[in-house]
Structure formats: C-alpha cells, structure tokens
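Subject: Handing over the structure

Hi,

Here is the structure I promised to pass on to you. Have a look at it first, and then read on for my notes.

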Amino acid sequence: MAEIKIICERPDSILRFITDAITKELQLLADGIRVTEERLRKFESQYQFSTQEFLSKFSNDELDHSPDFDEWIGESRMLKRLQDNARELNSIEFFVTQQSKRYGTIATITADLATAQLVSEMREA
C-alpha cells in the first residue's frame, strides 16, 4: 500500500479539506452510479433480461447489433468504472500524527470517510 506524507503546520485543517474533497467526489460518484443503474434498468425492462444476461448473449453473438446495445454496453462499463473509483476512494485511510516537543504528547487524527468525521486521540509520548 502506498503512503503520501504531507508536512504542514495545521494538519487537522488539511485533513479536513482533503476529507471534504473526497466526500464530495464520493457523492458525485454515488449520483453517477444511481443514474447509470437507472439507465441499465430501462434497458433491462425494455429487452426483458438482466444486464449480465445481455452481456453474455451479446458476447456469444446471440443478438443482432443495434445502437441500443452499444449504449447498454457503454452504461455497464461506466457502472463498473464508477463503482471501482468509489471503492478505491472509500479505501483511503488518513493518519496524522502531531508531536508536541514541549509536552511530549502525540495526537493522532484519523479520518473516517464513512461518517465524514475526524476522530482524535491523545497519548503520552
């Protein structure tokens, strides 16, 4: 797993900014997933089989080509990309450590994207 290190004077502010940006992107992805799923349901209703059944039939040359089928394939690929991106963003973890030279206290700030909240914990160094 890769790590990114950001050095700044107010990591809690930067963490909040990054968390807010990721949360907004996750909302956009969720909206995109919802719209794409609605489009897929329309095709499924119109042609009376699931997207998985359609993809299987199409790849086995059981269906004649049509512009609708191109769009259906595109929507199914889009849904996968949107879901993969959302999964990747949801897997990000933030750990910020601040150490006070004066007091020897270490504060760890963890961002929880699921609830979009920051959790802090203090311990003696």
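To start with one side chain, that of Thr51 makes a polar contact with the side chain of Trp72, at 3.1 Å. (A polar contact is a pair of N or O atoms within 3.5 Å; within protein, one must be able to donate a hydrogen and the other to accept it, and residues adjacent in sequence count only if both atoms are side-chain atoms.)

Before the rest, please keep in mind that this is a predicted model: local features need pLDDT of at least 70, side-chain atom pairs count only at pLDDT 80 or more, and totals for chains, interfaces and linings use all residues. Residues are numbered from 1 along each chain as its sequence is written, and side-chain values use heavy atoms, with hydrogens and water left out.

The overall layout

The chain has 3 helices and 3 strands, and along the sequence they follow the pattern α-α-α-β-β-β. Helices (H or I, at least four residues) and strands (E, at least two) are DSSP runs, numbered from the N terminus. Of the 125 residues, 26% count as buried; buried means under 20% relative accessible area, exposed over 50%, and partly exposed in between, with a 1.4 Å probe and protein chains only. If we take contacts (heavy atoms within 4.5 Å) between residues at least 6 apart in sequence, 45% join residues at least 24 apart.

Back to Thr51

Thr51 belongs to helix α2, which covers residues 51-59. Thr51 has a relative accessible area of 9%, so this residue is buried. A polar contact also links the side chain of Thr51 to the side chain of Glu44, at 2.7 Å. Setting aside neighbours within four places in sequence, Thr51 is in contact with Leu40, Glu44, Trp72 and Ser76.

How the helices pack

Helix α3 runs over residues 67-90, and α2 packs against it at an angle of about 120 degrees, with the axes 11 Å apart. (Axes are lines fitted to C-alpha atoms, for helices over the stretch in contact, and angles run from 0 to 180 degrees between N-to-C directions.) The two helices, α2 and α3, are therefore oblique to each other; angles under 35 degrees count as roughly parallel, over 145 as roughly antiparallel, 65 to 115 as roughly perpendicular and the rest as oblique. The crossing of α2 past α3 is left-handed, a term used if the near helix is turned anticlockwise from the far one by less than a right angle, with right-handed for clockwise.

Which residues make the contact of α2 with α3? From α2 they are Thr51, Phe54, Leu55 and Phe58, and from α3 they are Phe69, Trp72, Ile73 and Ser76. By class, this contact has 6 nonpolar, 2 polar and no charged residues. Here Ala, Val, Leu, Ile, Met, Phe, Trp, Tyr, Cys and Pro count as nonpolar, Asp, Glu, Lys and Arg as charged, and the others, Gly among them, as polar.

For α1 and α3, the axes come within 9 Å and cross at roughly 150 degrees, so α1 and α3 are roughly antiparallel to each other. The crossing of α1 past α3 is left-handed, and the residues of their contact divide into 14 nonpolar, 7 polar and 7 charged.

Leu82 sits in helix α3 and counts as buried because its relative accessibility is 13%. Not counting residues up to four places away in sequence, Leu82 touches Leu29, Gly32, Ile33 and Thr36. The C-alpha atoms of Leu82 and Ile33 are separated by 6.3 Å, although these residues are 49 apart along the chain.

Two loop residues to look at

Gln48 is in the loop between α1 (11-47) and α2. Its phi is near 60 degrees, a positive value in a residue other than glycine, and Gln48 is exposed, with a relative accessible area of 64%. In the loop between α2 and α3 you will find Asp61, which is not a glycine but has a positive phi of about 55 degrees. Asp61 is exposed, at 68% relative accessible area.

Best wishes
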